[in-house]
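User: Could you take a close look at one part of this model for me? I'd like to follow one residue and the packing around it.

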Amino acid sequence: MSKHVVVGSGQVGAHLARKLLERGHEVTVVTRSGSGPAGARKVAADVADRAKLTEVTRGADVLYNCVNPKYHRWLTDWPPMAESFLAAAEATGAVLVILGNLYPYGPVTGPMTEDLPLASDTPKARVRARIWEDALAAHRAGRIRTTEVRGSDYFGPGATDQSYLGDRFLVPLRAGRTIRLIWPADVPHSWTYLPDVADALIVAGGDERAWGRPWHVPTAEPLTFRQLGERMAAILGRPAPRMAQLPWPLLRAAGLVSPMIGELSHVRYQFTAPYVLDSSAFQDAFGVGPTPIDQALKVTLDG
């Protein structure tokens, strides 16, 4: 049994904590509210408080950064939290495992691999890139041990209401109504299954071969919204669903009054051209593949 500190109990952190508990580990979950799954020690704390995070992390083998501020607050909230994680990892010796994303790559042609430069110059992508760059510099200087795990858009049980394959997709699918899409229905896109994210984080934290570089979560072959809808409908024994895309000018107008909708313009490139994640490096190194897509979709529908 080893000790793990999971910071954040959202759609990834909750899965991660439960999986660690199921494997017999001692788990502390840190959130602002003190929430977390049964069986875990729950601590209410401000993640940006480096003294508190260091205190909680003492004696831990692995420290997981699974927090995610509201998208429109990344520029203000991420830097002090990232500095707190680095300080806690350096002071305690815990391996720092960062849950990253694909934004820093920016628009690309062809599948995304971990050796791509973090070339995006948008402010939000740069703040995410800086988190990894600072952690990697500390690792190379011998101050900490770290790795970053990156996935594409999440789906699965426990996905938040912001998931493109969450209730906004599943409720009309189950009801036989038209699914209203923000993005085109027929562009291939990689989708990462939430339990696979948690599994990848555990592997990365416990295997020294993972440290000192980023990894992509094992992710199934890309599928379009329409293909996903057809496969889900087949699982339910129903006809293929109807889909309709909301007009982009309407969404841009709505973004003037809604911060979250207003941020869609920053990720539009991810859905108007193929967006494909290559996770072969992780699969080859650790012998871990993605959950078969139809199995993952069935659990998503059941959950």
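This is a predicted model: local features need pLDDT of at least 70, side-chain atom pairs count only at pLDDT 80 or more; totals for chains, interfaces and linings use all residues.

**Gln-11 and the neighbouring helix pair**

Analyst: Gln-11 itself belongs to the loop that runs between strand 1 (3-7) and helix 1. Leaving aside residues up to four places away in sequence, Gln-11 is in contact with Tyr-154, Gly-158, Ala-159, Thr-160 and Leu-194. Phe-155 is 144 residues from Gln-11 along the chain, yet their C-alpha atoms are separated by 9.3 Å.

One of those contacts, Leu-194, also takes part in the packing of helix 1 against helix 6. Helix 1 (residues 13-22) and helix 6 (residues 194-206) meet at an angle of about 60°, and their axes are 9 Å apart. Helix 1 is therefore oblique to helix 6. The crossing of helix 1 past helix 6 is right-handed. On the helix 1 side, the residues involved are His-15, Leu-16, Lys-19 and Leu-20, and they meet Leu-194, Pro-195, Ala-198, Asp-199, Leu-201 and Ile-202 of helix 6. Sorted by class, this contact comprises 7 nonpolar, 1 polar and 2 charged residues.

Turning to charged pairs, the structure has 15 salt bridges. One of them joins the side chains of Glu-55 and Lys-52, at 3.8 Å from N to O. Both residues, Glu-55 and Lys-52, are in helix 2 (residues 50-57), where they are 3 residues apart, or about one turn of the helix.

Definitions and conventions: Residues are numbered from 1 along each chain as its sequence is written. Side-chain values use heavy atoms; hydrogens and water are left out. Axes are lines fitted to C-alpha atoms, for helices over the stretch in contact, and angles run from 0 to 180 degrees between N-to-C directions. Helices (H or I, at least four residues) and strands (E, at least two) are DSSP runs, numbered from the N terminus. Angles under 35 degrees count as roughly parallel, over 145 as roughly antiparallel, 65 to 115 as roughly perpendicular and the rest as oblique. A crossing is left-handed if the near helix is turned anticlockwise from the far one by less than a right angle, and right-handed if clockwise. Contact means heavy atoms within 4.5 Å. Ala, Val, Leu, Ile, Met, Phe, Trp, Tyr, Cys and Pro count as nonpolar, Asp, Glu, Lys and Arg as charged, and the others, Gly among them, as polar. A salt bridge is a side-chain nitrogen of Lys or Arg within 4 Å of a carboxyl oxygen of Asp or Glu.
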